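Good morning, colleagues. Please look at the sequence and the model on the screen while I go through a few of the features.

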Amino acid sequence: MVLVLKKGATKKDIEAIEKILYKEKSTGGFNAKKYNGIMNLKQDPLTIQKELRDEWERDIS
């Protein structure tokens, strides 16, 4: 969306543009709290994370 604010615009013009601009709200994103505590892990999450990050360094052959 493109809104043009011309030089010399009145306060009323600026308020009208702001009204249009802030009318569109974001969808809210992702609610991570919804999934808090859902997974039961057998390992420490930090250990799992380190294993996944070091995966490319391991010799697969």
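**A nonpolar surface patch**

Phe30, Tyr35, Ile38, Met39 and Leu41 make up a nonpolar patch on the surface, and together they have about 620 Å² of accessible area. Such patches consist of residues with over 30% relative accessible area and no salt bridge, with like charges joined within 9 Å and nonpolar side chains (Val, Leu, Ile, Met, Phe, Trp, Tyr) within 5 Å. A salt bridge, in turn, is a side-chain nitrogen of Lys or Arg within 4 Å of a carboxyl oxygen of Asp or Glu. Accessible areas come from the Shrake-Rupley method with a 1.4 Å probe, and for residues only the protein chains shown count as cover.

This is a predicted model, in which local features need pLDDT of at least 70 and side-chain atom pairs count only at pLDDT 80 or more, while totals for chains, interfaces and linings use all residues. Residues are numbered from 1 along each chain as its sequence is written, and side-chain values use heavy atoms, leaving out hydrogens and water.

The protein has two helices and zero strands; these are DSSP runs numbered from the N terminus, helices being H or I of at least four residues and strands E of at least two. Tyrosine 35 sits in the loop between α1 (11-23) and α2 (45-53).

How many aromatic pairs are there? The count is one: phenylalanine 30 and tyrosine 35 are stacked, at 5.9 Å centre to centre and 10° between the planes. Rings of Phe, Tyr and Trp (its six-membered ring) pair if their centres lie within 6.5 Å; planes under 30 degrees apart are stacked, over 60 edge-to-face, the rest tilted.

Phenylalanine 30 counts as exposed because its relative accessibility is 64%, whereas tyrosine 35, at 46%, is partly exposed. Buried means under 20% relative accessible area, exposed over 50%, and partly exposed in between (1.4 Å probe, protein chains only).
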